[in-house]
Protein chains: 2
Amino acid sequence: VAESFGDRIADQVATRRSQLVLGLDPDPSRLWPRALELADRAGSPSAPSAERAARAVVEHCRLVLAATADHCVAVKPQVACFERLGAPGWGALQQVIDAAREHGLLVIADGKRGDIDVSAAAYAQAFFGQTPTPYGPVPGLGVDALTVNPLLGLDALAPLLGTARECASGLFVLVRTSNRGASDLQDRLLAEGGSVSERLAEMVVELGGPGIGRSGLSDVGAVVGATAPERLAALRQAMPHAVFLLPGVGAQGGRIEGLEAAFAPGPAGGLVSASRGIVAAHEQSGGEPADAARAQAERMRELAWGIAG
Amino acid sequence: VAESFGDRIADQVATRRSQLVLGLDPDPSRLWPRALELADRAGSPSAPSAERAARAVVEHCRLVLAATADHCVAVKPQVACFERLGAPGWGALQQVIDAAREHGLLVIADGKRGDIDVSAAAYAQAFFGQTPTPYGPVPGLGVDALTVNPLLGLDALAPLLGTARECASGLFVLVRTSNRGASDLQDRLLAEGGSVSERLAEMVVELGGPGIGRSGLSDVGAVVGATAPERLAALRQAMPHAVFLLPGVGAQGGRIEGLEAAFAPGPAGGLVSASRGIVAAHEQSGGEPADAARAQAERMRELAWGIAG
């Protein structure tokens, strides 16, 4: 049996002694100043604004990675932030993924994709696999995992999971998101019992069953907002083998304390994701952005490691 | 008051006497042969496969548009099919959008996006608005509408709608999709009464209220699969002002007959979307792909127009 994504995460967490996921949501208007200097040096001032901004975004992400990667287990680029820069932005996403790999990090693309079978298969090619063409195959981004939206049901997730599994990659299914509006639908109770989120948890279990590795972790994980820790224990019981991706720590108000239930299956049971809390740490603490980010990443890593143990 | 998207659709449907939406889901392995000839003539054989495939995809979509645009009111590119070709694919998407506009068609990007506020705002910049950067603004794709996923709730859709509304553009919210797996969640009944889809319909009404134009149509529409016509009447009653985007006709088994309820608010109340049914019509009928596509588009347009009247 080929290695599974769950085992890869378990190994990676153990080796790096970290559950911290660096979220990369680059805003071209708020890049580290040093990134703009590096981009100016490397690029032509007559290039289109999209190309210049994409270059600066890459430099920024490289600097953030250089400062914090030692404390992280994975990186989570927000696809929207690259997509808004058009074709150069998509190229920047690939470069940032490559840079994260050079630091030994897993890559979780935060795309929240979801579509009917044939379109889901196209997304699978874009993120995990490759696309056959008359000119030879076109490789996808080659990420280790993708966040996916389960509203369309199991048959819409199947092509994504099939391709991911072939590559020992995985999915993180939205189960209970970190935003306030999550209550508009996800918290509604079903006539059959349980909430919409709990129904989504059942889907995670069904999809993930065949993907449980020797570590006890599956290749189908769940996105569970760190802003609702009171729900964690119930969701952990419902999904005993799922890796929980826990966004919302820091800028969105979530705290690492209270996430203990996520780690019931072991240290890799929960991945704590933070974006602005790390990248913009200097806005709180002062000092150089890289120093503040490194210090904040170290703090968060130690806090999570302590709770997971 | 600036023009609203609902009014723009109503005018466009009346002017072009069509409710037909051309779905463009280009598969590089199944492009029209003529597109490959044109791409070979224009491109370098030493270019990377992604660039060559993207060029062929653009030629293919241009040929399909030239053959069928007269019978259509809008075009619906499936973003996944472009994304899988990387940066050149994103460039191709922009070129296909430009080509559709030259034919006078509205553009509905089928991206099914949905994310928390700050990321939703980034998607809004990518599809409707522009992104401020130190090098000047980077324009987005400039589409007229985007399909969106409502699982994350109202606050996640608000930034997309805000930007869309500023541009007299609109959203199509997934309410009841055309795939079998839609029953896994969307058809579940809620303890408070009604199904998940009916709850999503309430969200469409709430979001769309302030966007109802003089035509009586709102800038927040609903994706309702044409494969479940028995649900149409109830959903129409729940969402009296929403334009229904009706995918699934043709390859997915849906039929235009039975869609009458969609058109209750007027001829623009329903947009009938077909992709493979038009582009691959020659596989059924024989003959040249362009001739078969044109004939099929004409048939579907007349069928829909007859039912809407």
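What radius of gyration would a compact globule of 309 residues have, and what does chain A have? I looked this up first. The globule would come near 19 Å, and chain A has 19 Å, which agrees. I note at the outset that this is a predicted model.

**Chain A overall**

I took the box along the principal axes next: the C-alpha atoms of chain A fill roughly 60 × 55 × 40 Å. I then listed the secondary structure of chain A and found 13 helices and ten strands. For burial, I read that 62% of the 309 residues of chain A count as buried. I also checked sequence separation in the contacts of chain A. Among contacts with a separation of 6 or more, 73% come from residues 24 or more positions apart.

**Interface of chain A and chain B**

I turned to the contact between the chains, to which chain A gives 72 residues and chain B gives 72 residues. Together the two chains bury about 5,800 Å², and 59% of that is on carbon and sulfur atoms. I asked which three residues of chain A supply more of its buried area than any other three. They are A:Arg84, A:Tyr135 and A:Leu151, with 14% of what chain A buries against chain B.

I searched the interface for charged pairs and got six salt bridges. In one that I looked at, B:Glu83 pairs with A:Arg113, and the closest N and O atoms are 3.0 Å apart. I counted 37 residue pairs in polar contact between chain A and chain B. On the side of chain A that touches chain B, helix H6 (residues 117-127) gives the most, with seven residues. Sorted by class, that side of chain A has 37 nonpolar, 20 polar and 15 charged residues.

I also recorded a network of salt bridges that links A:Lys76, A:Asp110, A:Lys112 and B:Asp115.

**Salt bridges within a chain**

I followed A:Asp144 to A:Arg8, where the closest N and O atoms are 2.6 Å apart. A:Asp144 sits in the loop between strand S5 (138-139) and strand S6 (145-148) of chain A and A:Arg8 in helix H1 (residues 5-16), so the pair ties together parts 136 residues apart in sequence. Are these two residues buried or exposed? A:Asp144 has 4% relative accessibility and counts as buried; A:Arg8 is buried with 19%, just inside the limit of under 20%.

I looked for the corresponding residue numbers in chain B. B:Arg8 forms a salt bridge with B:Asp144, and the closest N and O atoms are 2.6 Å apart. B:Arg8 lies in helix H1 of chain B and B:Asp144 in the loop between strands S5 and S6, so this pair ties together parts 136 residues apart in sequence. I noted both B:Arg8 and B:Asp144 as buried.

My next entry is the salt bridge of A:Asp40 with A:Arg52, at 3.8 Å from N to O. A:Asp40 is in helix H2 (residues 33-42) and A:Arg52 in helix H3 (residues 49-68) of chain A, twelve residues apart. A:Asp40 is partly exposed at 44% relative accessible area, and A:Arg52 is partly exposed at 22%.

**Positive phi**

A:Ala168, not a glycine, has a positive phi near 55°. I placed A:Ala168 in the loop between helix H7 (154-166) and strand S7 (170-176) of chain A. At 17% relative accessibility, A:Ala168 counts as buried.

B:Arg17 is in the loop between helix H1 (5-16) and strand S1 (20-24) of chain B. Its relative accessibility is 48%, so B:Arg17 counts as partly exposed.

Note on methods
Residues are numbered from 1 along each chain as its sequence is written. Chains are lettered from A and ligands numbered from 1 in the order in which they are written. This is a predicted model: local features need pLDDT of at least 70, side-chain atom pairs count only at pLDDT 80 or more; totals for chains, interfaces and linings use all residues. Side-chain values use heavy atoms; hydrogens and water are left out. Contact means heavy atoms within 4.5 Å. Buried area is the accessible area (1.4 Å probe) that two parts lose on being put together, summed over both. A salt bridge is a side-chain nitrogen of Lys or Arg within 4 Å of a carboxyl oxygen of Asp or Glu. A polar contact is a pair of N or O atoms within 3.5 Å; within protein, one must be able to donate a hydrogen and the other to accept it, and residues adjacent in sequence count only if both atoms are side-chain atoms. Helices (H or I, at least four residues) and strands (E, at least two) are DSSP runs, numbered from the N terminus. Ala, Val, Leu, Ile, Met, Phe, Trp, Tyr, Cys and Pro count as nonpolar, Asp, Glu, Lys and Arg as charged, and the others, Gly among them, as polar. The radius of gyration is taken over C-alpha atoms; the globule rule is 2.2 Å times the number of residues to the power 0.38. Buried means under 20% relative accessible area, exposed over 50%, partly exposed in between (1.4 Å probe, protein chains only).
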